[in-house]
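Morning, everyone. I have one structure to go through today, and I will keep it short. Please look at the screen.

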Amino acid sequence: MQTAGPEYLKQTPLVVGLMRLLEHRELHSPGALADWITQCLDDGLEVFDHADIYGDGECERLFGRALRATPHLKHKVKLISKAGIVLKHQDTSPWRSKHYRAEAGYISAAIDASLQRLQVDRLHTFLIHRPDPLLEAPALARVLEQAVESGKVGHIGVSNFLPEQWRWLQQNTHLPLVCNQSELSLGHPQPLFDGGLEAMLADRLRWLAWSPLAGGKLPERIPGQLLTDAQRETGLCETGLAIAWIRQLPGAPIPVIGSLRSDRLQAASRGAQADLPRGLWYALLEAVQGNPVP
């Protein structure tokens, strides 16, 4: 099946997520982070996923400093960012509540702020981070269209949207929504059985799968003998098996890897290029879910 999405997403096996960058103090200097970005590029990983809430913007800021220190990297990396979530500690109102903001003015300012922190002129793709029940779709659509027309954003998409939620936004803009970033893993396969996968395929949204390793808990959920047999058959470790399992789905969802460890990224890359025997694909699903396939 021909995959959907912009060309740069069709060519990448993985997206590198920067949510945990603050946890890696060894990467906080511009030079060290630039070297790490260069290693990712050498390994064929050129797409980096950000959001304004990651480290309260500090993750984007650190990445931007690395790009400023090594300017030629700006022309090699592909950047995704997201906005629309206000965490409880970020709420300056008397209510101090976590909430969503897909208001036109807020999103316009968020795009500019991400560009400033990342020290670039353009985001390859910008996503609305969560569906907002108070969304005024026509006004938001105009802002997204203006961002694309001005060159600040290459493509638009959504994150954590259900089909009717993204379809309502799509109805209000002439621009295609190119992707939906939502959870998918052996530990969270529900969208494969409730029509979610087919909806994305039908509407030509590329699936960017967050938490593809189920928070690192997959090894303890796969019986030792099955894991040993699977590794012998495929040559893949548990990370590679989890990624191969996702990539084998129709439309080839793209895992968003939250680990910044080079060995983990390389193992994931190997998995992204592998095919699993159909029987093993289902055996892994049954083992992790603890239930036989219906």
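Predicted model: local features only at pLDDT ≥ 70, side-chain atom pairs only at ≥ 80, totals over all residues.

Contact, in what follows, means heavy atoms within 4.5 Å.

Where does Ala-274 sit? You will find Ala-274 in the loop between helix H11, residues 262-272, and helix H12, residues 278-289. Arg-247 is 27 residues away from Ala-274 along the chain, and the C-alpha atoms of the two are separated by 8.4 Å.

Now the chain as a whole. Its secondary structure comes to 12 helices and 10 strands. Along the principal axes, the C-alpha atoms fill a box of roughly 55 × 45 × 40 Å. For 294 residues, a compact globule would have a radius of gyration near 19 Å, and the chain has 19 Å, so the two agree.

Next, the strands. How many strands make up the closed barrel? There are 8, in the order S1-S2-S3-S6-S7-S8-S9-S10, and the pairing is parallel. From one strand to the next, the twist averages 30°.

In general, two packed helices are described by the angle between their axes and the distance between the axes. Helix H4, residues 104-118, packs with helix H5, residues 137-149, at an angle of about 25°, and their axes are 8 Å apart. Angles under 35 degrees count as roughly parallel, which means H4 is roughly parallel to H5. The crossing of H4 past H5 is right-handed.

Which residues make that contact? From H4 they are Ala-104, Ile-107, Ser-108 and Ile-111. From H5 they are Ala-139, Leu-140, Val-143, Leu-144 and Ala-147. Sorted by class, the contact of H4 with H5 has 8 nonpolar residues, 1 polar residue and no charged residues.

That is what I have. Thank you.

Key: Residues numbered from 1 in each chain as written. Heavy atoms only, no water. Pairing = 2+ DSSP bridges. Helix = DSSP H or I, 4+ residues; strand = E, 2+ residues; numbered from the N terminus. Axes fitted to C-alpha atoms, helices over the stretch in contact; angles between N-to-C directions. Parallel < 35°, antiparallel > 145°, perpendicular 65-115°, else oblique. Left-handed = near helix turned anticlockwise from the far one by under 90°. Nonpolar A, V, L, I, M, F, W, Y, C, P; charged D, E, K, R; others polar. Rg over C-alpha atoms; globule rule 2.2 N^0.38 Å.
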